[in-house]
Amino acid sequence: MANITTLLFDFDGTLLDTNELIIQSFEQVLNSRYPGQYTREDILPFMGPTLKESFDTVDADLSDVLIEEYRTWNLANHDQLVKEFDGVSETLQRLKENGMKMAIVSTKRNNMVMRGLQLMGLEDFFDTVIGLDDVQRPKPDPEPLLLALERLGSKPEEALMIGDNTHDIGGGKNAGVRTAGVAWSLKGEAFIRSLEPDYVLQHISDLLPITQGEKV
């Protein structure tokens with residue numbers, strides 16, 4: 001098996017704890033139009049897919065309006081409600097020092113990915129960012145992962161996709177790269193394990209031995 005030289009990271013729920021921001025954004029939009037119909041548990045399936053995919057299941061005719069309302073509230077409250085997961089900056093620094101090529105592969109729009117990266121001071125760690133604006137078919141389609149690999153000059157067999165959701169692990173498998181699910185996923189470790197990734201990370205620093213060819 002080829003050595004891992006390239007790391008493809010999901011962003012929300014993997015590197016940046018945006019869980020509360022996302023849930024509250026959905027709550028604000030849904031409760032204003034459909035009071036009492038959506039609990040926090042009902043919102044969990046919306047974590048991971050694109051906003052279009054999520055709001056189409058609510059009301060396809062109103063989807064574009066709901067997306068705009070979501071984005072307005074989300075942007076206004078973004079900086080107050082997000083935080084870096086434990087150990088992210090330190091681990092990314094060490095991975096960079098070890099020569100890893102790294103990219104963000106997200107289902108968010110690029111400007112919001114960059115806002116989060118800049119807020120946390122993480123933007124210099126990544127060689128490229130693939131967001132919703134860059135592709136026709138988001139994860140779990142392999143298109144965004146393959147675009148990241150193309151930009152990085154890497155092959156699928158030397159890459160690892162890291163994420164907290166179905167779209168990340170599915171996208172990795174569809175692109176022919178190895179996959180790592182994060183145990184800190186809001187949906188729980190059992191959910192991540194059910195997706196059968198190649199690795200389950202208990203902490204972001206688990207990537208250090210994995211990329212050195214050690215078992216964790």
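Predicted model: local features only at pLDDT ≥ 70, side-chain atom pairs only at ≥ 80, totals over all residues.
## Strand S6

In strand S6, Ala159, Met161 and Gly163 point one way, while Leu160 and Ile162 point the other way, and all of these residues are buried. S6 is mostly covered, with five of its five residues buried.

Between S6 and S7 the chain passes through helix H8, a β-α-β crossover that is right-handed.

## The sheet

Six strands make up an open sheet with parallel pairing, in the order S5-S4-S1-S6-S7-S8. Strand S5 (128–130) and strand S8 (199–201) are at the edges and have a single partner strand each, so one side of each lacks a neighbour in the sheet. From one strand to the next, the twist averages 25 degrees.

Val182 stands opposite Leu201 in S8.

## Helices on the sheet

Helix H7 (residues 143–152) packs on the sheet and touches strand S1 (6–9), strand S4 (101–105), S5 and strand S6 (159–163). The direction of H7 makes about 165 degrees with that of S5.

Helix H8 (residues 166–175) also packs on the sheet, where S6 and S7 are the strands it touches. The direction of H8 makes about 170 degrees with that of S7.

## Nonpolar cores

The largest nonpolar core has 32 residues, and Phe9 and Phe126 touch the most other members. Two or more residues of this core come from each of S1, helix H5 (88–97), S4, helix H6 (110–120), S6, S7 and helix H10 (207–211). Leaving aside residues up to four places away in sequence, Phe126 touches Phe9, Leu15, Leu92, Met102, Ala103, Ile104 and Leu117.

Another core lies apart from the largest one. This other core has 16 residues, including Phe26, Val29, Phe46 and Ile67.

Methods
Residues numbered from 1 in each chain as written. Heavy atoms only, no water. Pairing = 2+ DSSP bridges. Helix = DSSP H or I, 4+ residues; strand = E, 2+ residues; numbered from the N terminus. Axes fitted to C-alpha atoms, helices over the stretch in contact; angles between N-to-C directions. Contact = heavy atoms within 4.5 Å. Buried < 20%, exposed > 50% of the residue type's maximum accessible area, 1.4 Å probe, protein only. Right-handed = clockwise from strand over helix to strand, strands pointing away. Core = buried A, V, L, I, M, F, W, Y, C linked by side-chain atoms within 4.5 Å.
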